[in-house]
Amino acid sequence: MSVLIVLLILSIVIAVAIGSTYIAPREVYKAIIYKLTNGLMYKDTSDAMVMAIIWEIRLPRVLLGALCGAGLALCGILMQCVTKNPIAEPYVLGLSSGASCGAVAVIVLGSMSSVGITSITMGAFLGAILTGILVFAIGTQLGRTSSTTRLVLSGMAISTIFSALTNLLIYVSPNTNQAKTALFWTVGSLGGAKWEILLFPFIIFCIVMIITFFLSKSLDILLVGDTSAIILGINVKWIKVLLLLLTTLLTSALIAVTGSIGFIGLVVPHICRTLVGSDHKKLILLSSLIGAIFLIGSDVMARGLFPPLELPIGIITALVGGPFFLYLISKKNYSFGGNETC
């Protein structure tokens, strides 16, 4: 874990250094320490313009990427625990599409002058919770079946419907600026990162992380099957509802500031399980760190592949996650908690 923490810090410094104007990593490090110590250290740091580029533009973006990567990886773990299926994640089960649709509806149908981050977050949350209710109601036939294949297929179908509604809202928007702003949610980007919008998703992430960390033993037990978990004294329905609410809340809080970024919750937990198995106490920490590093690296690629053009980060994660998703569903047995195969 300590190695990953060091790697994360190095990733942050290097990512801040890379851009249209290259800044030496040492200068980045000195500028960050200068700000964090309120000027007590490295008083001979870079000029005001370089400091502004580092502190006001690039560092918030990189930190948002780290937060989003860690949060989406955590959401993937929770969704996979609920469904006992390693191909489940907020994007595949439609939560990302529902949250994006809710955010776009607030932007397009509401007054842009009054829309703030809280309003967009609320729209994203309502869209995600509606999607979650529909997916689990249809995918489990109101709790009468536990077919993970049906659940995943229902999520993909509902995701398509909400994506179509999102595109419809963008198409009928009479305001070009609204349409451009709404389009942001369909492709995902860290370009809107500012210090003031980091606080809310960070608080939500910390709350979800703490709760799931304390529930880690219960999450381990859930993987052996609902019947065994009930015998061992676990309130399966209560925990599943709680996990769904936590996933929905965190997903909506992240999408409200980044737009829809898919497949982080699919790729990262699978990689981490090959390293530490299904021990959720280790898995939660490891996935959060690797998810943060993964999305920081994806953002660097999005900014650096075709300069000065900046690709939406959702394209990079989809190019990585799409083939990975096909690989998982092509395996003879992709279920790790139940008896279902595909």
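**Close-up views of a predicted model**

View 1. Because R303 and D299 sit four residues apart in helix 13, about one helical turn separates them. Their side chains meet in a salt bridge, 3.2 Å from N to O. Both R303 and D299 are buried. Salt bridges with shared partners join R61, D299, R303 and E310 into one network. The model shown here and in the other views is predicted.

**View 2. The salt bridge between E310 and R61.** The side chains of E310 and R61 meet at 2.7 Å, N to O. This pair links distant parts of the chain, 249 residues apart. E310 lies in the loop between helix 13 (280-304) and helix 14 (313-330), while R61 belongs to helix 3. E310 has 37% relative accessibility, so it counts as partly exposed. R61 has 11%, so it counts as buried.

View 3. K30 and E27 both lie in helix 2 (residues 25-36). They are three residues apart, about one turn of the helix. Their side chains form a salt bridge of 4.0 Å, N to O. K30 counts as buried because its relative accessibility is 8%. E27 is partly exposed, with a relative accessible area of 25%. In total, the structure has four salt bridges.

View 4. E89 is found in the loop between helix 3 and helix 4 (95-109). This residue is buried yet has no salt bridge. The nearest side chain of opposite charge is R273, 11 Å away. The E89 side chain instead reaches backbone nitrogens: that of F263 at 3.2 Å and that of G265 at 3.4 Å.

**View 5. The aromatic pair of W55 and W195.** The structure holds one aromatic pair. The ring centres of W55 and W195 are 5.0 Å apart and the planes meet at 35°, so the pair is tilted. The pair links distant parts of the chain: W55 in helix 3 (residues 48-83) and W195 in helix 8 (residues 195-214), 140 residues apart. W55 is buried at 15% relative accessibility. W195 is partly exposed at 29%.

**View 6. A nonpolar surface patch.** V6, L10, I14, I18 and Y22 form this patch. Together they have about 480 Å² of accessible area. One of them, L10, lies in helix 1 (residues 2-17). L10 is partly exposed, with a relative accessible area of 46%.

Terms used: Residues numbered from 1 in each chain as written. Predicted model: local features only at pLDDT ≥ 70, side-chain atom pairs only at ≥ 80, totals over all residues. Heavy atoms only, no water. Phe/Tyr/Trp six-rings, centres within 6.5 Å; stacked < 30°, edge-to-face > 60°. Helix = DSSP H or I, 4+ residues; strand = E, 2+ residues; numbered from the N terminus. Buried < 20%, exposed > 50% of the residue type's maximum accessible area, 1.4 Å probe, protein only. Patch = residues over 30% accessible without salt bridge, like charges linked within 9 Å, V, L, I, M, F, W, Y side chains within 5 Å. Areas by Shrake-Rupley, 256 points an atom, 1.4 Å probe, with all protein chains shown as cover. Lys, Arg positive; Asp, Glu negative; His and termini not counted. Polar contact = N/O pair within 3.5 Å; in protein donor to acceptor, adjacent residues only side chain to side chain.
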